[in-house]
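This note sets out points for a colleague reading the structure alongside its sequence. The points are numbered and may be read in turn.

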Amino acid sequence: MTRGLEKVTGAAPAFTDPLPPTPSRKGRGRHFIVRYLRRNLSLAVGIILLSLLALFIVIGNLTVDTELARPLSVRALQPPSWDHPFGTDRQGRDLLAAMVAGTPLTLKIGFIAGFLGVGIGTLLAFVAGYYRGMTDTVIRGIADIGLTVPGLLVLIVIAVSVRGGLTVNEMAIIVASLAWLNPTRTIRAQVLTLRERGYVEVARLNGMSGPDIILREMMPNLLPYLAATLVSSVSAAILASIGLEVLGLGPLESPTLGMTLYWINFNAAILNGWWWWWVAPIVIILMVFLGLFFLTVGLDEIANPRLRQSV
Amino acid sequence: MQLAYIARRFGVFLLIVWLAATLNFFLPKLSGQDPVRTKLLQSAQLGGYVHAGLEDMVKEYDRRFGLDRPLWRQYLTYLGATARLDFNYSIANYPRTVGEMIAEAVPWTVGLLGTTTLLSFAIGTLLGALLAWPGAPRWMRWLMPPLWALHAIPFFLLGLILMYLLAFQVQLLPIFGGYTAGAIPSLSFGFLWDVVSHALLPAMSIVLVATGGWALAMRGMMVTTMGEDYVTFADAKGLKSATIFLRYCLRNAILPQTTALALALGQILSGAVLVEVIFGYPGIGALLFQAIQENDFFLIQGIVFTVIVALGLATLILDVVYPWLDPRISYRRAD
């Protein structure tokens, strides 16, 4: 049994050995990346899925007329055909155009909210985790309490309060208002362990100032972890925005993925057998979430090799 | 020690309740929107003309809801009313009170969410423990990729897919609602089956996704626990494999899992709201959707407050039970 345990807990070759024995210097970088991706399959899957999505958006924006994503621009409820590869919806949108125009909007909401969330979260986490004391108690308390509250409901109250036609950017800000809670909590925990490391201690004894230690000593070590947190925050933000949109609180004029889902639900597209209406948005949303998820897992593996799923 | 811990936790709960009420009160004020006026104006416009007495009507409403008094008085009145669980009348369904409408929806959500959460937690935890266990059957390894993939999908998205496959294509299960329209709620076997079969699809979309999450988290914890010295020691002592698995590994690995459950309740509920909306399941989520569609501000506030308090209570209970599960906790002050 003990042998079995070893197999699971980490007898796999450590990837921290950065230079695989390659004879030629030329192409070693590329070779290394490919080899590493082969070992870190989640990272590879995540990158592939998101690249496909990016390709779809770029090629789509170059070849498809996104004006057709407006209502009443094509014949309503046409199944996929040569003219409308994804079909058209009940309001007379070309669904391919709606996807090409809407996917970047949804991603934009996610990125703005995710970046804001991780940015604010990192700042608070360092202030709380490094300086401790009263500030720490307060920040930690707020984050802990905030996380037990169902975020979507709070977002709903906010969105309803500022109603009157949200724009995509306003959506992003609203989602960001809660997006910092989780990063604050998880990064703070990291800061706490990092703070006790020897090299931080040495820096402190050398008379380095707090901000200097945070920026030059701790930050670089946390970068992979921050990257993983960022990706999962983006994913959470997209999920929250889609949630608000499905409830009818999104930007009604924009063809974001969540709004498309709202119209699908509103018109009971599944019950009516209009399968082409929901297949495209669902496939794209699946790609977004799966891509971001596997990217997070992959980055986590870089950030914390001990977590490695080596089965 | 124990008592101090419970008292502290109860204090946090009261804080959550107060924060929720305060949020409910001040957020709408910040936007400067007057829900009653908006609603009345809206319905007047729908009627095709604006009532001459609209201003008077709004004044009358303001007086009744105490909206003409200074802010701090309103706030105190609001807190008082909220403490009595009095959420006012529903704006869109006037003679009905918000409390009444919520009370009708709560059993559906509690039934659906309670069952699915417990089920997914139990299955997921056990599955995760087995996934990390070297002695588990080999075929279990094949479960990992689908679990991972499912875990990354939002509940309602899987719900849409299941709805199409099982209710539209195969027509195995009913597609919409809490029970067949027109059926008379009674305690007969037929009606119960009707309710259960309507709940199956929403429940499946929650359980399938949530199980993956619990399994993955548990697997991670198990791997860490199995690396502990006491496990190696137990192995060296020659204890039975099953004993080591259940009493040494599982017993310890389940602790963080329970903490995670308390933290995840809010997320699970957020997801379940959308599942209810998709399936038209007559719980809190669908009611919330209806309230948003009808711009029924008081109903939205009432629901949000009720849910936050209910979840706060659930976390409180979990936290109070937790020291019993992990005796070390009651002596450890919050770090």
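At what angle do α4(A) and α12(A) pack, and how far apart are their axes? The first point takes up this question; the model under discussion is a predicted one.

1. Helices α4(A) and α12(A) pack at an angle of about 25°, and their axes are 10 Å apart. An angle under 35 degrees counts as roughly parallel, so α4(A) is roughly parallel to α12(A). Their crossing is right-handed. On the side of α4(A), the contact is made by A:Leu95, A:Met99 and A:Thr103; on the side of α12(A), the residues are A:Trp276, A:Trp277, A:Ala280, A:Pro281 and A:Ile284. By class, the residues of this contact divide into 7 nonpolar, 1 polar and no charged.

2. Helix α12 of chain A (residues 275–303) also packs with helix α10 of chain A (residues 210–246), here at an angle of about 160° and with the axes 8 Å apart. Angles over 145 degrees count as roughly antiparallel, and α10(A) and α12(A) are therefore roughly antiparallel to each other. The crossing in which α10(A) passes α12(A) is left-handed.

3. The residues that form this second contact deserve a separate entry. From α10(A) come A:Pro224, A:Tyr225, A:Ala227, A:Ala228, A:Val231, A:Ser232, A:Val234, A:Ser235 and A:Ile238. They meet a set in α12(A) that includes A:Val288, A:Phe289, A:Leu292, A:Phe293 and A:Leu295, with A:Asp300 also among them. The contact of α10(A) with α12(A) comprises 15 nonpolar residues, 3 polar and 1 charged.

4. Is helix α11 of chain A enclosed or open? Of the 10 residues of this helix (residues 257–266), 9 are buried, so α11(A) is largely enclosed by the rest of the structure. The buried residues are A:Leu257, A:Gly258, A:Met259, A:Thr260, A:Leu261, A:Tyr262, A:Trp263, A:Ile264 and A:Asn265. They pack against α4 (95–131), α10 and α12 of chain A, together with α10 of chain B. After α11(A) comes A:Ala268, whose phi is positive, near 50°.

5. The overall make-up of the two chains can be set out briefly. Chain A has 12 helices and 0 strands, and chain B likewise comes to 12 helices and 0 strands. Of the 311 residues of chain A, 45% count as buried; in chain B, buried residues make up 38% of the 335 residues. Among contacts with a separation of 6 or more, residues 24 or more positions apart account for 69% in chain A and for 72% in chain B.

6. The largest nonpolar core has 174 residues, and those with the most contacts inside it are A:Leu155, A:Ile156, A:Val175, B:Ile300 and B:Ile303. Helix α10 of chain B (residues 241–279) contributes the largest share of this core, namely 18 residues. As for A:Val175, beyond residues up to four places away in sequence it touches A:Ile109, A:Ala113, A:Leu155, A:Ala237, A:Ala240 and A:Ser241.

7. Which residues meet where the chains touch, and how many are they in each chain? Contact is made between 52 residues of chain B and 39 residues of chain A. The elements of chain B that each supply at least two residues to its side are α1 (2–31), α7 (155–169), α8 (189–226), α9 (229–236), α10, α11 (284–293) and α12 (297–325). Of these, α10(B) gives the most, with 10 residues. The side of chain B that touches chain A divides into 38 nonpolar residues, 12 polar and 2 charged.

8. A last point concerns one residue of chain B. B:Ala234 is found in helix α9 of that chain. A residue counts as buried with 20 or more C-beta neighbours within 10 Å and as exposed with 12 or fewer; B:Ala234 has 18 inside 10 Å and therefore counts as partly exposed. Leaving aside residues up to four places away in sequence, B:Ala234 touches B:Leu239, B:Ile244 and B:Tyr248. B:Tyr248 lies 14 residues from B:Ala234 along the chain, and the C-alpha atoms of the two are separated by 8.1 Å.

Technical notes. Residues numbered from 1 in each chain as written. Chains lettered and ligands numbered in written order. Predicted model: local features only at pLDDT ≥ 70, side-chain atom pairs only at ≥ 80, totals over all residues. Core = buried A, V, L, I, M, F, W, Y, C linked by C-beta atoms within 7 Å. Helix = DSSP H or I, 4+ residues; strand = E, 2+ residues; numbered from the N terminus. Contact = placed C-beta atoms within 7 Å. Nonpolar A, V, L, I, M, F, W, Y, C, P; charged D, E, K, R; others polar. Axes fitted to C-alpha atoms, helices over the stretch in contact; angles between N-to-C directions. Parallel < 35°, antiparallel > 145°, perpendicular 65-115°, else oblique. Left-handed = near helix turned anticlockwise from the far one by under 90°.
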